[in-house]
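Subject: Structure handover, salt bridges

Hello,

Please find the structure below. My notes on its charged side-chain pairs follow.

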Amino acid sequence: TLLTYDFGGGTFDASVLDLDGKVFQVAATGGDPFLGGVDFDIRLTDYLIERFESDERITIKDDAVVVQRVLNAAEIAKIDLSLLQHTEVRLPFVAARRGKPVDMALHVSRQMLNQLTDDLVERCSHTIDDVLASAGLKYSDINELLLAGGQTRMPAIQARLEKQFGKTP
């Protein structure tokens with residue numbers, strides 16, 4: 001009996017499969033079509049913009065091009081934080097003050113990312129609870145955890161799964 005945990009950029013899906021020889025049978029499936037890796041990127045983007053605006057006393061949240069640049073940088077930082085404890089978001093010329101460019105240079109830690117997104121990871125746990133209940137199973141009934149999708153590389157997600165299931169995904 002295995003659980004697939006598919007968490008990509010746009011959606012989160014989970015399925016319980018029973019394997020009998022070469023026959024796969026879906027015992028239960030569920031997901032959250034309104035939760036994906038991009039939600040983590042947005043949380044980090046909002047944090048970076050708030051910090052920059054507070055530190056520099058310059059508003060950038062109304063400039064769509066700048067917000068997109070910060071979103072792209074946030075995604076890269078999120079990926080980096082899957083391997084590193086700390087990273088820095090550096091974006092040149094995100095604003096101007098008295099005609100001179102102002103750059104963004106903000107330090108971000110894995111711990112901060114985890115704090116910003118803990119409720120999103122918790123949403124995944126609730127989905128898993130629902131899928132297991134639908135299959136009439138407990139966490140201990142799952143023999144294998146299969147991860148798919150880039151967001152599953154986040155250490156906080158892997159740690160949560162290991163805690164819930166008592167085994168390494």
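A search of the whole structure finds 7 salt bridges, a salt bridge being a side-chain nitrogen of Lys or Arg within 4 Å of a carboxyl oxygen of Asp or Glu. This is a predicted model, in which local features need pLDDT of at least 70 and side-chain atom pairs count only at pLDDT 80 or more, while totals for chains, interfaces and linings use all residues. Residues are numbered from 1 along each chain as its sequence is written, and side-chain values use heavy atoms, with hydrogens and water left out.

One of the salt bridges joins R123 to D32 at 2.7 Å, N to O. R123 sits in helix 3 (residues 110–135) and D32 in strand 3 (residues 23–32), 91 residues apart. Helices (H or I, at least four residues) and strands (E, at least two) are DSSP runs, numbered from the N terminus. D32 is buried at 12% relative accessible area, whereas R123 is partly exposed at 33%. Buried means under 20% relative accessible area, exposed over 50%, and partly exposed in between (1.4 Å probe, protein chains only).

D41 and K78 form another salt bridge, at 2.8 Å, N to O. D41 belongs to helix 1 (residues 37–56) and K78 to helix 2 (residues 64–80), so this pair ties together parts that are 37 residues apart in sequence. Both D41 and K78 are buried.

Helix 1 also supplies R43, which pairs with D119 of helix 3 across 76 residues; the N to O distance in this salt bridge is 2.6 Å. R43 is partly exposed, at 29% relative accessible area, and D119 is partly exposed at 39%.

Regards
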